[in-house]
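Please keep the sequence and the three-dimensional view at hand while reading.

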Amino acid sequence: MANMRFAVGLQRLIPFLGYHHILMFLIAAGIILLSLLLAGCSSTSPGIPNIFLISLYYENYPPIFDPAQVDPGVTTAIANIVGQAQLEVRVGYFGICVNADGGSFLCSNNASSLASQVSVDQDPLNLIWVASTFKDSIVFPYLIIVAIVLAFVCFILLATFPGWHEETDERGSERDVKPFPSRPVSQVALALIFVASVFVLVSVLWQHTASVAASTIAQDLGNGSVRSGVGTTAMILGWFGFALFIIVTIGLLVMILSISLLDRLTDD
């Protein structure tokens, strides 16, 4: 009985879902993805430490030798300094997570407080300080924050679009009518989501390039003793958020052009 009521209610709801509701859903999904991206490594909540831009960790592996190395033997000295350390550091936009002994992560936005909880033997090459430098000097989250704000304003504007409602015609019969949305409001919403998309694109490209470059340099400097990697989850969240905003931008543009074309055909 309950399933029947749900099905009937859904059938009544679907006809009143407008085109703008789909765009609103896509914007909300994009905002959620970008918010998760910004929240990466900010706390020890489940899954949050796994959202990181770059990770640095100690691991003994055969060093890479190259003719361009002036002193290849430095890898042995670094390996002696590192010893049996197994600490891992992950960097997010607003936080750093540290796993000193293979257990649980400690996360904070203050690198000094994390360093005070780690011994010298656990972080002999100061990876926590390196991660803090990367976060403070290279990572720039504010374009994404502005993009989220602009996308939210666009979401509010889309919520003002008229929906389906019943009107009585000249014959006295009721019919469902949906007026066209305001053209100025539609154009403002399009401009906002377009700018938000550009900001997210710049931020994601910046994030990807900076993370790959820092990861490569850190691993080369710790050749044979330090590994590094780029956070796949963070990249996915960023690019998917950008893709959703682009879809909304194209959807709004198509809607505006379609309404404009209908107006011309009606005038003719």
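## Model and confidence

The structure discussed here is a predicted model. The protein chain has an average pLDDT of 85, and 85% of the residues score at least 70.

Residues 6-14 form a stretch in which pLDDT stays under 50. For this stretch, the model has 0 contacts beyond four places in sequence.

## The nonpolar surface patch

Phe194 is located in helix 7 and belongs to a nonpolar patch on the surface.

Helix 6, residues 142-159, and helix 7, residues 183-221, each contribute at least two residues to the patch. The largest share, 5 residues, is supplied by helix 7. Val149 is partly exposed, because its relative accessible area is 47%, a value between the 20% and 50% limits.

## Positions along helix 7

Pro184 is also part of helix 7. This residue is exposed, because its relative accessible area is 51% and exposed residues are those over 50%. Pro184 and Ile256 are separated by 72 residues in sequence, and their C-alpha atoms are 10.0 Å apart in space.

For Phe194, a corresponding pair can be given with Cys154: the two are 40 residues apart in sequence and 10.0 Å apart in space, C-alpha to C-alpha.

## The two faces of helix 3

Helix 3 spans residues 74-82, and its buried residues are Thr75, Ile78 and Val82. These residues lie on the same side of helix 3, because they cover an arc of only 60° around the axis. They pack against strand 1, residues 54-58, and against helix 7.

The face of helix 3 turned away from the buried side carries the exposed residues Asn80 and Ile81. Just after helix 3, Gly83 adopts a positive phi of about 65°.

Note on methods:
Residues are numbered from 1 along each chain as its sequence is written. This is a predicted model: local features need pLDDT of at least 70, side-chain atom pairs count only at pLDDT 80 or more; totals for chains, interfaces and linings use all residues. Side-chain values use heavy atoms; hydrogens and water are left out. Patches are made of residues with over 30% relative accessible area and no salt bridge: like charges are joined within 9 Å, nonpolar side chains (Val, Leu, Ile, Met, Phe, Trp, Tyr) within 5 Å. Accessible areas come from the Shrake-Rupley method with a 1.4 Å probe; for residues, only the protein chains shown count as cover. A salt bridge is a side-chain nitrogen of Lys or Arg within 4 Å of a carboxyl oxygen of Asp or Glu. Helices (H or I, at least four residues) and strands (E, at least two) are DSSP runs, numbered from the N terminus. Buried means under 20% relative accessible area, exposed over 50%, partly exposed in between (1.4 Å probe, protein chains only). pLDDT is the predictor's confidence in each residue, from 0 to 100. Contact means heavy atoms within 4.5 Å. The arc is that of the directions from the helix axis to the C-beta atoms.
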